Amino acid sequence: MDFFQSQARKHQPKFSKKRLTKDQVRLLETSFDLNNKLDSDRKLQLAQELGIPPRQVAIWYQNKRARWKNQSLELEYNALQLRLDAALGDKRKLEKEVDRLKQELQKAQEVLLSCNVTYSTLTSLSTSCDEDGSSSLLGDSKLGLDKELYACLIGGGDQFPKSDDSHGLFT
């Protein structure tokens with residue numbers, strides 16, 4: 001039996017690991033805030049001040065750095081998540097704006113088609129404009145197109161087939 005008792009004593013630590021008091025933790029936290037790396041001189045000084053083995057100080061620092069890194073990663077993740085949410089919100093707003101503009105374009109195309117505007121009419125409108133952009137045909141014609149729609153039509157030549165554009169108005 002004496003052999004087994006001596007083997008058990010060999011595996012017992014020299015110091016029993018005790019929980020740190022609040023004051024000890026506070027001192028370690030303060031030291032960690034100043035420098036999260038622990039040099040051997042500082043480790044020995046803290047161990048002496050706290051009355052614990054230097055190895056326990058080193059392990060506390062190692063564990064604290066691991067917790068600190070996890071907290072930093074969590075904060076970075078949360079910040080990125082907020083940025084992602086904001087970007088997705090902007091994307092939804094832009095998609096709504098694109099849909100609204102597509103509807104507006106479709107309405108303008110429907111107005112154009114319902115008025116039976118031909119290329120020759122547009123050509124005559126284009127050539128009869130004076131310097132400030134007005135046209136005698138705009139006010140007198142049955143088309144009822146205002147100046148903005150006319151400017152939109154002149155600028156939006158992609159809607160017309162190129163083969164019929166013999167005047168080069170929409171290119």
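Start by selecting E95 and K91: the two sit in helix α4 (residues 54–114), four residues apart, about one turn of the helix. Helices here are DSSP runs of H or I, at least four residues, numbered from the N terminus. Before you go on, keep in mind that this is a predicted model, where local features need pLDDT of at least 70, side-chain atom pairs count only at pLDDT 80 or more, and totals for chains, interfaces and linings use all residues. Residues are numbered from 1 along each chain as its sequence is written, and side-chain values use heavy atoms, with hydrogens and water left out.

Now show the side chains. E95 and K91 form a salt bridge, with the closest N and O atoms 2.9 Å apart; the term means a side-chain nitrogen of Lys or Arg within 4 Å of a carboxyl oxygen of Asp or Glu. E95 has a relative accessible area of 40%, so it is partly exposed, and K91 is partly exposed too, at 47%. (Buried is under 20% relative accessible area, exposed over 50%, partly exposed in between, with a 1.4 Å probe and protein chains only.)

Next, pick E97 and R100, also in helix α4 and three residues apart. Their salt bridge brings the closest N and O atoms to 2.6 Å. E97 is partly exposed at 34% relative accessibility, as is R100 at 40%.

Last stop: helix α2 (residues 22–34), where D23 and R26 lie three residues apart. They form a salt bridge at 2.8 Å between the closest N and O atoms, and both residues are exposed. In total, the structure holds five salt bridges.
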